[in-house]
Amino acid sequence: ATAGTTRCDLARAAFSSIDPRVKILDLEVVRASESGKPTTSWDTLSELGQKGIPLTMCIGSDQWNQIRSWSKFPAVLGLSQW
């Protein structure tokens with residue numbers, strides 16, 4: 001698996017030329033590092049949703065194929081646009 005910080009850097013590089021409005025956040029990487037426990041998309045989407053931030057989630061096909069195994073699936077699908 002690729003380290004979280006590296007994945008964030010790769011996403012920033014990929015999206016910087018596509019749309020400057022896209023923000024790549026490292027909330028999950030920081031949360032996992034600070035707590036020493038895994039974090040979930042549910043945690044992140046819930047946190048951002050409470051702040052009223054409009055969200056569009058982008059994931060790779062590897063994760064899309066595993067999404068049914070995610071914590072709190074399918075509720076997580078309702079927390080952002082796809």
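Reader: Is Cys58 buried or exposed?
Author: Cys58 is exposed, with a relative accessible area of 59%; exposed means over 50%, buried under 20% and partly exposed in between, using a 1.4 Å probe and protein chains only. Bear in mind that this is a predicted model, where local features need pLDDT of at least 70, side-chain atom pairs count only at pLDDT 80 or more, and totals for chains, interfaces and linings use all residues. Residues are numbered from 1 along each chain as its sequence is written, and side-chain values use heavy atoms, leaving out hydrogens and water.

Reader: What about Arg7, where is that?
Author: Arg7 is in helix α1; helices are DSSP runs of H or I with at least four residues, strands are runs of E with at least two, and both are numbered from the N terminus. At 47% relative accessibility, Arg7 counts as partly exposed. Its C-alpha is separated by 15 Å from that of Met57, which is 50 residues apart from Arg7 along the chain.

Reader: Switching topic: which residues make up the largest nonpolar core?
Author: Seven in all: Leu45, Leu48, Leu55, Met57, Ile67, Trp70 and Val76. Such a core is a set of buried Ala, Val, Leu, Ile, Met, Phe, Trp, Tyr and Cys residues joined through side-chain atoms within 4.5 Å.

Reader: What does Val76 touch?
Author: Leaving aside residues up to four places away in sequence, Val76 touches Ser41, Trp42, Leu45 and Trp70. Contact means heavy atoms within 4.5 Å.

Reader: Which residues of α3 are buried?
Author: Ser41, Thr44, Leu45, Ser46 and Leu48 are buried there. The buried residues of α3 pack against α2.

Reader: What follows α3?
Author: Gly52 does, and its phi is positive, near 75°.

Reader: What's up with the phi of Lys72?
Author: Lys72 has a positive phi too, about 65°, although it is not a glycine. You'll find Lys72 in the segment after α4. Lys72 counts as partly exposed because its relative accessibility is 46%.

Reader: Next, what kind of peptide bond joins Phe73 and Pro74?
Author: A cis one, with omega about 5°. Pro74 also has its place in the segment after α4.

Reader: Last one: where does Lys23 sit?
Author: Lys23 is in the loop between α1 and α2. Lys23 counts as exposed, at 62% relative accessibility.

Reader: And how many Å separate Lys23 from Leu77?
Author: C-alpha to C-alpha, Lys23 and Leu77 are 19 Å apart in space, while in sequence they are 54 residues apart.
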